[in-house]
Amino acid sequence: MTDSGQTELGRVGIWTFAYEGQPAGRVRESAAEIEELGYGAIWYGEAFGRDTVGQAWLLLSATQRIVVASGIANIAFRDPIATATATRALGEAFPGRYVLGLGGHRVDDTVHELDGYPVPARGRAVTTMRAYLKAMDAVPAHGPMADPVPRRVLAALGPKMLKLAAEHTWGAHPYFVSTEHTAQARQIMGPNAFLAVEQAVVLDTDLSRARQVATEHVAGYLSAPHQEANVRRLGFNDEDIVGGPSRRMVDALVAQGEAEAIRRRVQEHLDAGADHVCLQVLTADATSLPEHEWRELAAALLPHHAV
């Protein structure tokens, strides 16, 4: 592994897209509570709201100890020079508390080579990511350097990207995966690479209602070619995919039910080789913060629950 640092994420964190739609003050309050609840990390997505750098500053400045991790910063959205310099600034301002998760790849054939960063043809995600990491490493420093250097992880799913993550970063951050994928990832990456797994959950004792929310979540991701390819690698086929996700697939990808069922799923990931599991709580209202669920899960899953 090429990155160094003392980042400690604990066993369980929170993963969320929900902050993108919330005002800054509300995000600050929520992040501070998640820290006090005892979670080890806050992972946040990047889609159509705040950019990953701005969101990181907001979350880090609102907290004191918790690790903040991009999950993921899309490399299609910014040049490697911008990513490298922003990461250094975050690492300097908040030592040991920022993890840069990288993923995505440029797919627009009209994008030209920029500052030595080659833009390969569609479908060459591993080649693109390797070039992006190399370009980041080549950016000279003209100011203070972070100590420790912020660690990097890749949103790796397939074997080649998992190997790249193990060889050139701290490790991997697989998203939308089963415990079987966790076991495979650990085998591919070896014993030393860091493995932080996203796990979608629906905390609801009404299992019919929980499965409906879970099914809608899974169906939305199956429209992405790389996610469909990954679930097929895991043994799912047309019977599970065509016409909507099968119950078998939904149950494998989304933990549902009481807190104890979710605790068991987290333990299954840890037993399969994960170092850290970040929980994405799904609800019927994706525009609101699942604060009640975060509190209940903290009480059930965290040994040193603070509140």
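Which residues of strand 6 lie on one side and which on the other, and are they buried or exposed? Arg151 and Val153 lie on one side of strand 6, Arg152 and Leu154 lie on the other, and all are buried. Buried here means under 20% relative accessible area, exposed means over 50%, and partly exposed is in between, with a 1.4 Å probe and protein chains only. Helices (H or I, at least four residues) and strands (E, at least two) are DSSP runs, numbered from the N terminus.

Before I continue, a word on the basis of this talk. This is a predicted model, in which local features need pLDDT of at least 70 and side-chain atom pairs count only at pLDDT 80 or more, while totals for chains, interfaces and linings use all residues. Residues are numbered from 1 along each chain as its sequence is written, and side-chain values use heavy atoms, with hydrogens and water left out.

I begin with the neighbours of strand 6. Two strands are said to pair if DSSP finds at least two bridges between them. Strand 6 pairs with strand 5 in the parallel sense, over four bridges. Within that pairing, Val99 stands opposite Arg151 of strand 6. Strand 6 is also joined to strand 7 by two bridges, and these two strands run parallel. There, Leu154 has Ala172 of strand 7 as its bridge partner.

Between these elements comes helix 5. Strand 6, helix 5 and strand 7 form a β-α-β unit that is right-handed; that is, with the strands pointing away from the viewer, the path from the first strand over the helix to the second runs clockwise. Helix 5 covers residues 159-168, and its buried residues are Met161, Leu162, Leu164, Ala165 and Ala166. In general, an α-helix has 3.6 residues a turn, so residues three or four places apart point the same way. The cover over the buried residues of helix 5 includes helix 4 (125-137), strand 6 (151-154), strand 7 (171-172) and helix 6 (179-189).

I turn now to strand 3. Its residues Val67 and Ala69 point one way, Val68 and Ser70 point the other way, and all are buried. Strand 2 (residues 41-44) pairs with strand 3 in the parallel sense over four bridges, and Ile42 stands opposite Val68. From strand 2 the chain passes through helix 2 to strand 3, and this β-α-β crossover, too, is right-handed. Strand 3 also pairs with strand 5 (residues 98-103), in the parallel sense and over two bridges. In that case, the bridge partner of Val68 is Tyr98.

Strand 5 also holds Gly101. Gly101 has a relative accessible area of 0% and is therefore buried. Setting aside residues up to four places away in sequence, Gly101 touches Ser70, Ile72, Ala73 and Val153, where contact means heavy atoms within 4.5 Å. Ile72 lies in the loop between strand 3 and strand 4 (73-74), and the peptide bond from Gly71 to Ile72 is cis, with omega near 10°.

How do helix 2 and helix 3 pack? Helix 2 (residues 52-61) and helix 3 (residues 80-93) meet at an angle of about 5°, and their axes are 11 Å apart. The axes are lines fitted to C-alpha atoms, for helices over the stretch in contact, and angles run from 0 to 180 degrees between N-to-C directions. The two helices are therefore roughly parallel to each other. Angles under 35 degrees count as roughly parallel, over 145 as roughly antiparallel, 65 to 115 as roughly perpendicular and the rest as oblique. Helix 2 contributes Val53, Ala56, Trp57 and Leu60 to the contact, and helix 3 contributes Ala86, Ala89, Leu90 and Ala93. These residues divide into eight nonpolar, no polar and no charged. Nonpolar covers Ala, Val, Leu, Ile, Met, Phe, Trp, Tyr, Cys and Pro, charged covers Asp, Glu, Lys and Arg, and the others, Gly among them, count as polar.

Finally, some points in the loops. Phe176, in the loop between strand 7 and helix 6, has a positive phi of about 65° although it is not a glycine. Phe176 counts as buried, at 2% relative accessibility.
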